[in-house]
Amino acid sequence: MTTTPTQQTSTDESDTAHLRAGRRITLEEITGHISSAAVLLNQVAYAAETPDVPVELADLIEDLRRTAESLSKEAGTVQRLAAAVAGDIPLAATFDDGRGWGAAARSETRPAGPRDYPPAVIPTYKQLLHLANRGRPVPADHPMARWLRTETTTFPEAMEGVYFVESKVAAARRAVERTAAIADEVLTILCPRVECGADNGNPCRTSTGRTSEQPHKPRLDEATRRVDERLDTLGPNAAGARHV
C-alpha cells in the first residue's frame, strides 16, 4: 500500500494532501481510505454499545454498521476497478450495442435523443465493471459459449492517447462555487447605475427604491469579470476543464 507523506491539517474537503502520495490520488489509495473508514465506523458502532450515559443507541449502531457494510462493498468495487485499469482484467472491446469506448469512441457522433448515451471516451466506473463482466473468459464447453464470447481489450490499450483532468462532479462543484463567488463579489462593487448607486454590502434597488434580488447588469458584469480573472490565475483546472 502506498504511504502518504503528510497528516490531515483541517476539516476542509479540499485538504487532500494526506490522502495521496503523488499529485493525484490513485485507485489503490481510494480503496485503502474507504476500507479504513468502514473499519472506523464498525469500531465506533461497537464502542457505542456501552456509552457513558444511559441512552439506548441501537438505531445509531445499526445505521453505522449498515454504512460500514456499504463502504466495504465500495472498497471491493474500487479494488476490482484498479485491477481493470492496470490491465490485469480483460475488458469487452464494445458495449452490448456494439459501440466502442475510450479512444475508439472519439469518432462516434453525439446521441440524437435524450435517452441515448453519449460516446464513452471517458468511461464511468460502472461502465468499466460492465465491460469487465462481458470480457470474462467463457469455458469452451459452455452451452452458450458461441454467443457469450466477445472481443476483448485492456484499459491501457483502449485508452491510449486519452487524457483526463477531472471528474464532471468537480466541474459542477466549481460552477456552483463560481456562482457563489460572483454573488459575494457583487456586494463589494458600487453599482454604476445612477438611479441605484448601491454601495458596499448593499443589494441593488429598483427605480422605485425597492430592493432587487438581482443586481443590475453592469454591476454583475464587473463582478463576473473579477471572479473569472481570479480563476484564470489559478490555471485551467480551476475552470473545470475535462480534456479527452
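Predicted model: local features only at pLDDT ≥ 70, side-chain atom pairs only at ≥ 80, totals over all residues.
Me: What percentage of the residues is buried?
Reply: Of the 244 residues in the chain, 24% are buried.

Me: Which secondary structure elements does the chain have, and in what order?
Reply: There are seven helices and two strands. From the N terminus the order is α-α-β-α-α-β-α-α-α.

Me: And the contacts? What share links residues 24 or more positions apart?
Reply: Such pairs make up 59% of the contacts with a separation of 6 or more.

Me: Let's go to helix 6. How many residues does helix 6 have, and how far does it reach?
Reply: Helix 6 covers residues 168-186, so 19 residues by the helix assignment. From first C-alpha to last, helix 6 reaches 27 Å. That is close to the 27 Å expected at 1.5 Å a residue.

Me: Which residues of helix 6 are buried?
Reply: Ala 170, Arg 174, Ile 182, Glu 185 and Val 186. They sit on the same side of helix 6, because they cover an arc of only 140° around the axis.

Me: What does the face turned away from the buried side carry?
Reply: That face of helix 6 has the exposed residues Val 169, Val 176, Thr 179 and Asp 184.

Me: What happens at the start of helix 6?
Reply: Ser 167 makes a contact there. One of its side-chain oxygens comes to within 3.0 Å of the backbone nitrogen of Val 169.

Me: New topic, charges. How many salt bridges does the whole structure have?
Reply: The search finds 15. Side chains of opposite charge can pair when their charged atoms come close.

Me: Which residues form the network of salt bridges?
Reply: Glu 185, Glu 222, Arg 225, Arg 226, Glu 229 and Arg 230 are linked in it. Glu 185 is also one of the buried residues of helix 6.

Me: Take Arg 226 and Glu 222. How far apart are the closest N and O atoms?
Reply: They are 2.9 Å apart, and the two residues form a salt bridge. Both residues are in helix 7 (residues 217-233), four residues apart. That separates Arg 226 and Glu 222 by about one helical turn.

Me: Are those two buried, partly exposed or exposed?
Reply: Arg 226 is partly exposed, at 29% relative accessibility. Glu 222 is partly exposed too, at 23%. The cut-off for buried is under 20%.

Me: What about Glu 229 and Arg 225?
Reply: They form a salt bridge, with the closest N and O atoms 3.5 Å apart. Glu 229 and Arg 225 are four residues apart in helix 7, again about one helical turn. Glu 229 has 48% relative accessibility and counts as partly exposed. Arg 225 is partly exposed at 41%.

Me: Why would residues four places apart point the same way?
Reply: An α-helix has 3.6 residues a turn, so residues three or four places apart point the same way.

Me: Which residue does Glu 195 pair with?
Reply: Glu 195 forms a salt bridge with Arg 193. The closest N and O atoms are 3.7 Å apart. Arg 193 is partly exposed, at 32% relative accessibility.

Me: Which backbone oxygen lies 3.4 Å from a polar atom of the His 18 side chain?
Reply: That of Asp 15.

Me: Last one, helix 3. Which residues there are buried?
Reply: Leu 128, Leu 129, Leu 131 and Ala 132. They lie on the same side of helix 3, because their arc around the axis is only 160°.

Me: What do they pack against?
Reply: The buried residues of helix 3 pack against helix 2 (58-85), strand 1 (91-92) and helix 5 (155-158).

Me: And Gln 127, what does Gln 127 touch?
Reply: Gln 127 lies in helix 3 (residues 125-134). Leaving out residues up to four places away in sequence, Gln 127 touches Phe 95 and Ala 120. Gln 127 is partly exposed, with a relative accessible area of 21%.

Me: How far is Gln 127 from Trp 101?
Reply: They are 9.5 Å apart, C-alpha to C-alpha. In sequence, Gln 127 and Trp 101 are 26 residues apart.

How values were computed
Residues numbered from 1 in each chain as written. Heavy atoms only, no water. Expected span 1.5 Å × (residues − 1). Buried < 20%, exposed > 50% of the residue type's maximum accessible area, 1.4 Å probe, protein only. Arc of directions from axis to C-beta. Polar contact = N/O pair within 3.5 Å; in protein donor to acceptor, adjacent residues only side chain to side chain. Contact = heavy atoms within 4.5 Å. Salt bridge = Lys/Arg side-chain N within 4 Å of Asp/Glu carboxyl O.
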